[in-house]
Amino acid sequence: MIMRFRGAGRPAGASPQGPDTIVGMSEPQDILWMRRALDLARGVIYTTTPNPRVGCVIVRDGRILGEGATQPPGGPHAEIMALRAAQAAGHDPAGATVYVTLEPCSHFGRTPPCVDALVAAAPARVVVALGDPNPRVAGQGFARLRAAGIAVSAGVCENEALALNAGFVARMSRGTPWLWLKLAASLDGRSALHNGVSQWITGEAARADGHAWRARADLVLTGMGTVLKDNPQLNVRAIQTPRQPRKAVVDGQFRVPEDARLFDGTPAWVFTARQDADKAARLADKNVEVVCLPDAGGQRVDLAAMMRWLGEHECNEVHVEAGAGLSGALLAADCVDELLIYLAPVMLGDAAGMVQMPLLEHLDAARRFRFTDLARVGEDVRLQARDPSRWLALLASARRASEN
């Protein structure tokens, strides 16, 4: 059971509005219907990648004419689903208001442009939560609507919309996915005993909640130490999901056992700094791709280059469950956007910490995050914190699209 403290609260994978949310400029009815569209988008949180999660509601006189959400890649987008639903119910959307959580696409991809269908439907107004920074859209959807004489409003519930698609917006605006670091620890910040025992610090409910975050991600990433110590499967088991995320391991010296449980025939990546063509060929037979990305020293994986590579391969969200070594290295390499921390009501004392990072001489050098959510999950507490500057950068990229 998940119980929320006052001031906290969204389902796993969602985010509360922050102080930078533009709600004062939005009409209450617009917020109401946009949140209905956001609920529809949350309903497809596991299925649309690499496309964004989008919901759409068509409303006239306080009545829903049609609604829908984006289907798996190759299927119709949210606007098309909503227009089809309206048509099937015998409703004409002309003169209605359309609420959609992301700027309608204006280009041919796997499907035709949604903006063409909206222009043909002739609503009086289109209300959008978030501009699309995709260079193939980036304000062109808004421009096409306005050119057709359709009124456009943007920025309604934009923080909530961004929380659903931070990875997509990050990939489109900066070329890398949105990465969150999942950590489980005691109240005194310890993640394992010195002998390596860590199963289980947190309870079953917290572990199931963590699997919900795995399920929404494109990639579940771990390190070589975790593979050797725990031999994890890295798949989603505690909740129902129609899609399993890809799995990956960071293994600088390419020591990963070829019989590791994560190599179960489903797609996986190994990021390494060492070439071994024979081993890579054997792993390829298990549907594993080996990617060699050495850093300047040639002994470790260049983590920043790995993030760029993931962006190039249409990866939106990365869920990291790793030991203190890789977790600290990702923080030190400035790859972490968000923290997902489960705290158990237990004190471990002299035990291993959550991350290994270089010693700091001054507090000014500390990496700082901002709390965004606090929830009780079973007997444990889930804390969420994100880098505020990175979040604002994503908002800025979406706003630039809406201003074009």
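Student: Why is D334 called partly exposed in this predicted model?
Tutor: D334 has a relative accessibility of 45%. Buried means under 20% and exposed means over 50%, with partly exposed in between. D334 at 45% therefore counts as partly exposed.

Student: Where is D334 found?
Tutor: D334 sits in the loop between α10 (324-332) and β14 (338-344).

Student: What is the phi of D334?
Tutor: Phi of D334 is positive, about 60°, although D334 is not a glycine.

Student: Why is N287 called partly exposed?
Tutor: The relative accessible area of N287 is 38%. That value is not under 20%, so N287 is not buried, and it is not over 50%, so N287 is not exposed. N287 is therefore partly exposed.

Student: What is the phi of N287, and where is N287 found?
Tutor: Phi is near 70°, a positive value in a residue other than glycine. N287 belongs to the loop between α8 (277-284) and β12 (288-292).

Student: Which kind of peptide bond joins T49 and P50?
Tutor: A cis peptide bond, with omega about 10°. P50 lies in the loop between α1 (28-42) and β2 (55-60).

Student: What makes 52% of the residues count as buried?
Tutor: The protein has 404 residues. Buried means under 20% relative accessible area, so the 52% are residues under that cut-off.

Student: How many helices and strands does the protein have?
Tutor: Eleven helices and 17 strands.

Student: What share of contacts between residues at least 6 apart in sequence join residues at least 24 apart?
Tutor: The share is 73%.

Notes:
Residues numbered from 1 in each chain as written. Predicted model: local features only at pLDDT ≥ 70, side-chain atom pairs only at ≥ 80, totals over all residues. Heavy atoms only, no water. Helix = DSSP H or I, 4+ residues; strand = E, 2+ residues; numbered from the N terminus. Buried < 20%, exposed > 50% of the residue type's maximum accessible area, 1.4 Å probe, protein only. Contact = heavy atoms within 4.5 Å.
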